[in-house]
Every structure is written in C-alpha cells, then in structure tokens.
Amino acid sequence: QSSNRPESQRDRRLLSPLTRRILAINILALALLGGGVLFHGEYRETLIEAELKSLTVQAQMFAAALGEGAITADTPTGHQLVSEIADRIVRRLVETTGTRARLFRDSGTLVADSLRLMGPGGMVRIEELPPPGAERGLLPAALEVYDRLMRRLTRQDVLPIYRERSRQHARDYPEIISALGGDTAHRVRSAGGDPLILSVAVPVQRYKQVLGAVLLTKGSRVIDEALLEVRIAILKIFSAALAVTVLLSMYLAGTIARPIRRLAAAAE
C-alpha cells in the first residue's frame with residue numbers, strides 16, 4: 001500500500017508529465033514563431049526609407065527657398081548667403097515640420113540653426129521637451145533589448161553614433177560634404193540606443209552655383225511609435241493564440257492519458 005500511494009498522488013496532479021511535455025512543445029513552437037514575427041527589421045527599414053524620402057522633399061523645398069530669398073550679389077566674390085535673412089527663413093520653414101534645419105556656407109561654416117538663438121551672451125541652444133506622458137514604459141524598454149539582441153544575432157550593421165560638437169563645421173557631417181559637392185545625401189545614425197537620427201543634406205544653389213548646403217535632421221519617434229503599435233497588435237494576437245494552445249494541449253493530454261489511467265486502474 002505504501003508503494004502504491006505515490007502513484008495515486010502522481011495521478012491526482014493537475015499536470016501530468018505527458019501534459020507538461022505537450023505544453024512545452026506547443027508553447028515553444030508558438031514562442032519561436034511569435035519572436036520571429038515581433039522582429040520587424042525589414043518593416044523598420046521600409047519606414048526609414050519613407051521618412052528619408054519625405055525629409056529629402058522638405059530639404060529640397062528649403063534649399064529652393066533659401067536660394068531665392070537669402071542670396072545677395074553685392075559682394076566682390078559674387079553671390080553669397082546672407083546670415084540674417086537665412087536665419088529667419090530657416091526658423092520660419094521649420095515651424096510646422098518638426099525637424100531641425102541647419103545651413104552651412106560653401107566654406108563649411110554654420111550660418112543658421114533652428115535650435116540655436118542669438119542671445120545677449122551669444123548663441124543659446126533650444127532643447128525640445130517630450131510631450132506630457134511620453135515616459136517610456138516597461139514594454140518599449142523590453143522590445144529595445146530584444147531588438148538589440150536580434151540585430152546581433154542577425155549580424156546587422158552597427159549604426160554610427162550621432163555626435164555634435166559645440167562649434168559645428170561641414171567636415172563633421174559627410175552628407176554635408178556631399179551636398180557641397182552638388183549631390184543630395186542622407187545618413188542614418190544612432191542616438192545612443194534604439195532611437196535614430198535621420199539626416200538629409202541638399203545643396204543650396206543659385207544659377208547652378210553651390211553656395212551652401214541645408215541639413216535637415218529628425219528623430220525616429222514616429223517610426224518607433226508605428227512599430228510599437230504593430231507589435232502591441234501582434235502581442236494581443238499572440239496572447240490569444242497562447243491561451244488557445246494551452247487549453248487544446250491540456251485537452252489533448254487528458255484525452256490521451258484518460259484511457260491509460262483507466263487501464264492502469266483496471267490492471268491494479
């Protein structure tokens with residue numbers, strides 16, 4: 001009787017070894033599928049390309065406005081950018097775009113910056129505050145760690161870190177050098193984590209003469225929010241599928257184990 005007691009206690013367990021094995025196999029397969037779906041590497045690249053195209057169109061409009069309204073010919077060297085007019089045009093253009101605009105001369109010096117104001121003590125930097133309630137939650141932080149791990153496993157290229165000097169020059173930005181050469185260029189950098197800094201540089205011309213370059217930069221907040229919405233929808237579907245998988249696994253395990261238990265009881 002003492003030897004039969006552990007067997008009866010084992011039979012009364014809620015999850016038998018067979019049930020645990022079936023649950024493990026089904027949940028592992030579903031978890032691998034869900035983890036692969038959550039990694040939106042290609043979808044993120046598509047969103048980045050679309051954002052860069054939008055920035056390029058904006059930069060071309062900025063360059064056309066600056067080429068028409070911020071140029072003077074009253075100089076010994078011919079056409080030249082006027083700093084005061086260029087600064088006003090840059091600030092007016094970025095009011096509704098949510099981007100940062102910087103204008104560089106053909107010599108590489110900074111002419112205007114939409115995040116810098118001229119104060120009594122010199123240039124004052126403007127810092128944009130995040131909207132109320134924009135603190136990061138646990139889910140975005142966990143997804144960021146997951147993205148970093150998946151990018152290492154898939155051996156994706158590591159993006160350069162965005163760094164900004166106190167005194168900026170065109171040589172600090174390769175895309176500006178390309179724009180001063182007459183080409184449109186873009187660059188994607190990391191902001192020190194999962195957020196990105198997207199930048200597009202376009203030459204400012206007057207009668208095909210390159211007088212400077214305008215640089216538009218924008219964060220990846222819109223891209224991150226779009227990815228988060230898609231992932232939340234996927235997690236909801238995954239949770240429902242997980243619940244159905246657990247219930248079906250327990251039903252399958254019970255269907256298989258019930259005749260065996262009856263046979264064991266009859267044999268005993």
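In the predicted model, the hairpin of β7 and β8 has five residues between its strands. Within this hairpin, Gly 192 adopts a positive phi near 90 degrees. Strand β7 covers residues 185-190 and strand β8 residues 196-206. The two pair in the antiparallel sense, over six bridges. Across the pair, Arg 187 stands opposite Ser 199 in β8.

Both of these residues are also in contact with Glu 175. Glu 175 lies in helix α6, which runs over residues 174-180. Its relative accessible area is 1%, under the 20% limit, so Glu 175 counts as buried. The side chain of Glu 175 makes a polar contact with the side chain of Arg 189, at 2.9 Å. Beyond its neighbours within four places in sequence, Glu 175 also touches Ala 185, His 186, Ala 201 and Leu 215, among others.

Helix α5 spans residues 138-153. At 1.5 Å a residue, its 16 residues should span 22 Å. The end C-alpha atoms are 23 Å apart, which agrees. Leu 143, Glu 144, Asp 147, Met 150 and Arg 151 are the buried residues of α5. They cover an arc of only 130 degrees around the axis, and therefore sit on the same side of the helix. These buried residues pack against α3 (41-69) and α7 (221-267). On the other side of α5, Leu 138, Val 145, Arg 152 and Leu 153 are exposed. Arg 155 follows α5 and has a positive phi, near 60 degrees.

Methods:
Residues are numbered from 1 along each chain as its sequence is written. This is a predicted model: local features need pLDDT of at least 70, side-chain atom pairs count only at pLDDT 80 or more; totals for chains, interfaces and linings use all residues. Side-chain values use heavy atoms; hydrogens and water are left out. Two strands pair if DSSP finds at least two bridges between them. Helices (H or I, at least four residues) and strands (E, at least two) are DSSP runs, numbered from the N terminus. Buried means under 20% relative accessible area, exposed over 50%, partly exposed in between (1.4 Å probe, protein chains only). A polar contact is a pair of N or O atoms within 3.5 Å; within protein, one must be able to donate a hydrogen and the other to accept it, and residues adjacent in sequence count only if both atoms are side-chain atoms. Contact means heavy atoms within 4.5 Å. The expected span of a helix is 1.5 Å times one less than its number of residues. The arc is that of the directions from the helix axis to the C-beta atoms.
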